[in-house]
Amino acid sequence: MSQTERFDAVVIGAGIVGATTAYALSKAGLKVLVIDRGSLASGTTSAGEGNILVSDKEPGPELDLALRSRDGWFELAEEIGDSFELEAKGGIVVARSEVGVSGLRELTKRQRSAGVDSQDISAGDLRKLEPNLSHSITEGAFYPQDAQCQPMLATAQILKHVTDNGGRFLPGVTVTSIKSSAGKVTGVETTSGFISSPIVINAAGTWAGEIADRANSYLPIAPRRGFILVTVPAPKLIFHKVYDAEYVANVASGAADLQSSAVVEGTQSGTILIGASRERVGFKEGIEYPILRQLARQAIELFPILSEVQLLRAYRGFRPYAPDHLPVIGEDAQIKGLWHNAGHEGAGIGLAPASAQLIAESVTGQRTFMDPTPFSPARFSKGAVA
Ligand SMILES: Cc1cc2nc3c(=O)[nH]c(=O)nc-3n(C[C@H](O)[C@H](O)[C@H](O)COP(=O)(O)OP(=O)(O)OC[C@H]3O[C@@H](n4cnc5c(N)ncnc54)[C@H](O)[C@@H]3O)c2cc1C
C-alpha cells in the first residue's frame with residue numbers, strides 16, 4: 001500500500017461486522033480501508049452457524065435491529081448477488097413442558113405485536129414441517145422470517161465488493177494503537193506503520209475491548225465460548241432451524257457457568273449443525289467432551305434419527321459478549337471519530353447489515369433508521385460495567 005494513499009475511514013476487523021460496515025460506508029461514498037491481523041473471517045465469524053434470527057429475541061431494540069437486518073441481508077444479496085447460501089429456511093421453536101409451552105405462547109404473542117411473524121403450531125403442523133421430530137414433542141412455534149447464510153462466504157463476497165469499488169483490504173496487519181489529538185482520532189498505528197484517517201471503526205468483535213483500551217477508552221466485551229457439532233453430509237432430514245424454547249432463556253442469561261440447549265439445523269451442503277453451548281471461561285482453548293456429549297444427547301432428544309448419523313467434526317468459538325447483551329454501536333464517548341460496532345454476542349451475523357447501516361448513517365450525519373441510543377458506547381462509562 002502506498003504511503004500517500006488516503007482513506008476516509010479505517011475499519012479494524014474483517015469479520016462479518018467489519019465487512020458489512022465497510023460495505024455500507026463505501027456505498028455512502030467513503031474510501032475505506034479494512035485491516036485484520038489475520039485473514040478475512042478469521043475471528044468468531046468462522047464459528048457462526050449463519051443464522052439470521054428474529055425468533056430468539058424479546059421485543060425491544062435488539063429485535064427492531066434484527067427485523068431490519070433480516071431484510072438488509074436479502075437487500076444485500078440483491079445488490080451484490082447471492083453467492084453466500086442465503087436461505088429463508090424458517091425457524092421452529094419447540095416446547096416440551098407445560099411451563100415451556102405457556103412461556104412460548106406468551107413470547108410469540110409479544111413478538112407478534114412487535115412485528116414478528118410468529119405462528120403457534122400444533123403437533124400435526126409440526127409433523128408436516130419436520131417429519132423426523134420426536135413424537136414426544138407436541139407444541140411449537142413457526143417463524144418464517146428466520147433465515148441462514150454461510151458467514152465466511154458472505155464476508156468474502158462483501159469484502160470483494162468493497163475492494164472492487166475502490167476500497168482496500170490489508171490482511172496480516174495488527175492495529176497496535178489508535179492515535180488521537182485533542183480528543184479526535186487521527187489514525188491507527190499498525191505493524192505496517194501509521195495509517196492516517198479521520199474515522200476509525202472498531203469492528204474487532206470479541207477483541208473490541210482491547211482496541212478500545214489501545215485508544216485509552218473502555219468497552220467491557222468478553223468472550224462467551226460455544227461449541228458446535230457438525231455431522232457428515234446426510235440426506236435431507238431436517239428442514240428448518242429447530243431449537244428448544246429454553247435456548248431463548250440461555251441466550252438472555254448473564255450466568256458465567258455452562259448453559260446448553262438443543263439447536264439443530266441442516267445446511268445446503270447436507271451437513272447438520274448441532275449447538276448450542278454458552279459459558280464464560282475466557283479464551284479457554286481445547287475441546288470438552290462432556291459438553292459435546294450433552295449437545296449430542298439434547299439433539300437426539302429432538303430428532304431421534306440423529307443417533308444414526310455420524311459426526312464429522314466439532315469446533316468452538318468465542319462470542320463477543322457485552323454485559324447487557326446489546327451490541328455496542330456508535331461513536332466513542334471520549335474520542336471523536338472513533339466508532340464502535342462490536343459486542344453482538346451470538347447474533348453478529350444476523351445483526352450485521354443493520355448495525356452497519358446504523359454506523360454509516362451516523363458517520364455521514366444522516367437520519368438513522370432507528371434510535372441508536374440503546375446501543376451507545378456511552379452506557380459503559382470508563383471503568384464501570386453497566
Ligand atoms: C459457536 C457459535 C455459533 C454462532 N452462531 C451464530 C449464528 O448462527 N448467527 C449469528 O448471528 N451469530 C452467531 N454467532 C455469533 C457470531 O459469530 C458473532 O457475533 C460474529 O461473527 C461477530 O463478528 P465480528 O465481525 O464482530 O467479529 P469477528 O468475526 O471475530 O471479527 C473480528 C476481527 O477483528 C480482528 N482483530 C482483532 N484484533 C485486531 C487487531 N488488533 N488488529 C487487527 N485486527 C484485529 C480479528 O482477527 C477478527 O478477524 C455464533 C458464535 C459462535 C461462537
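What follows is a working chat about a predicted model.

Colleague: What are the ground rules here?

Modeller: This is a predicted model: local features need pLDDT of at least 70, side-chain atom pairs count only at pLDDT 80 or more, and totals for chains, interfaces and linings use all residues. Residues are numbered from 1 along each chain as its sequence is written, and side-chain values use heavy atoms, leaving out hydrogens and water.

Colleague: Start with α2. What should its 20 residues span?

Modeller: Helix α2 covers residues 61–80, and at 1.5 Å a residue it should span 28 Å. The expected span is 1.5 Å times one less than the number of residues. The end C-alpha atoms are 28 Å apart, which agrees. Helices (H or I, at least four residues) and strands (E, at least two) are DSSP runs, numbered from the N terminus.

Colleague: Which residues of α2 are buried?

Modeller: Among them are Glu62, Arg70, Trp73 and Ile80. Buried means under 20% relative accessible area, with a 1.4 Å probe and protein chains only.

Colleague: And what do those pack against?

Modeller: α1 (16–27), β3 (51–52), α5 (151–164), β18 (328–331) and α9 (348–363). Contact means heavy atoms within 4.5 Å.

Colleague: What comes just after α2?

Modeller: Gly81, with a positive phi of about 90°.

Colleague: Switching to the sheet. What is the strand order?

Modeller: β5-β6-β4-β14-β15-β16-β13-β17, 8 strands in an open sheet with mixed pairing. The edge strands, β5 (119–121) and β17 (311–321), each pair on one side only. Twist averages 25° from one strand to the next. Two strands pair if DSSP finds at least two bridges between them.

Colleague: Are β5 and β6 parallel or antiparallel?

Modeller: Antiparallel, over 3 bridges, with β6 at residues 139–143. Asp120 stands opposite Ala141 in β6.

Colleague: Which strands does α3 lie across?

Modeller: Helix α3 (98–113) lies across β4 (91–95), β5 and β6, at about 25° to β6. Helix α8 (289–302) runs at about 55° to β15 (259–266). Axes are lines fitted to C-alpha atoms, for helices over the stretch in contact; angles run from 0 to 180 degrees between N-to-C directions.

Colleague: Domains, then. Where are the bounds?

Modeller: Domain 1 is 9–50 + 151–221 + 325–379, and domain 2 is 91–144 + 223–321. These bounds come from an automatic or database domain assignment. Their centres, over C-alpha atoms, are 30 Å apart.

Colleague: How much area do they bury between them?

Modeller: About 1,300 Å², 57% of it on carbon and sulfur atoms. In domain 1, Glu49, His325 and Glu345 lose the most area to domain 2, together 49% of what that side buries. Buried area is the accessible area (1.4 Å probe) that two parts lose on being put together, summed over both.

Definitions and conventions
Buried means under 20% relative accessible area, exposed over 50%, partly exposed in between (1.4 Å probe, protein chains only).
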